[in-house]
Amino acid sequence: MESMYNLRERVPESQPFSEINGVRQYDLSMRKSALMAYQKPARRILELIKQGMTDIVEVGVNTGLLSLYIGGKHPGIAVSGIEENRNLLEVAEENLNLSVWANTRANVEFELGKLSKLPFADQSADIVFSFSSLHMWKRPVETLKECQRICKPDGIVIIEDMNRLADEGHITFVLQFLKEGAKDFMTALGASYSPEDVRQLLNEAGLPDWHVYEEDLGLIVSSRSLSL
């Protein structure tokens with residue numbers, strides 16, 4: 001059967017979010033039209049939070065919206081976000097400043113850093129999560145290893161991103177709601193991984209026991225089994 005979209009081969013983005021105004025426009029569009037995309041990952045993370053947890057790390061914070069939401073729900077837990085794209089980090093910090101001005105109770109901080117060398121101690125985080133960032137990681141195998149390194153033995157790593165080979169009906173569904181952002185969406189989707197790609201990355205990282213799930217347009221990677 002002929003494909004509607006040319007997505008068989010992964011095409012990495014050369015310089016994603018290279019213009020600050022483009023990042024601000026992306027952030028605004030996420031807030032206005034795509035907050036729905038955050039609902040499932042946010043709910044999954046909130047359901048994983050248990051009494052006594054103290055530290056959560058987001059790997060690749062994008063514009064910080066998910067960390068700020070999680071932190072606002074659990075102000076007693078420190079949420080730390082690392083981003084290696086300076087423009088994304090700048091907008092994330094703008095959102096953090098706005099939330100502080102609005103008297104957020106969240107204990108959230110964002111930091112510029114290499115995702116392949118996370119600035120956290122071994123086994124220091126209860127939950128390590130990432131959303132819509134995996135396809136932009138410069139060294140994904142090393143970053144996966146880092147996620148495992150900083151996660152506590154009884155903690156969990158959960159990574160969500162788009163699935164390049166998702167059912168085309170899901171892609172078409174999303175495109176009908178996108179106007180100016182349709183081109184950027186397809187570029188990001190084309191740079192995303194397939195389930196088989198991710199399994200190969202996990203094998204290269206020495207993490208063959210991690211789990212890979214497909215859900216609608218998304219791909220979910222977890223260090224533990226999940227009930228989806």
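Valine 79 has valine 108 in β3 as its bridge partner. On the way from β2 to β3 the chain passes through α4, a β-α-β crossover that is right-handed; the term applies if, with the strands pointing away from the viewer, the path from the first strand over the helix to the second runs clockwise. Helices (H or I, at least four residues) and strands (E, at least two) are DSSP runs, numbered from the N terminus.

All of this comes from a predicted model, in which local features need pLDDT of at least 70 and side-chain atom pairs count only at pLDDT 80 or more, while totals for chains, interfaces and linings use all residues. Residues are numbered from 1 along each chain as its sequence is written, and side-chain values use heavy atoms, with hydrogens and water left out.

Let us stay with these strands for a moment. Strand β2 (residues 78-83) pairs with β3 in the parallel sense over 6 bridges, where pairing asks for at least two DSSP bridges between two strands. Glycine 81 faces phenylalanine 110 in β3. Helix α4 (residues 86-101) packs on the sheet and touches β2 and β3, contact being heavy atoms within 4.5 Å. The direction of α4 makes about 160 degrees with that of β3; axes are lines fitted to C-alpha atoms, for helices over the stretch in contact, and angles run from 0 to 180 degrees between N-to-C directions.

Now step back to the whole sheet. It is open, has 7 strands in the order β3-β2-β1-β4-β5-β7-β6, and its pairing is mixed. At the edges lie β3 (107-112) and β6 (211-215), each pairing on one side only. From one strand to the next, the twist averages 15 degrees.
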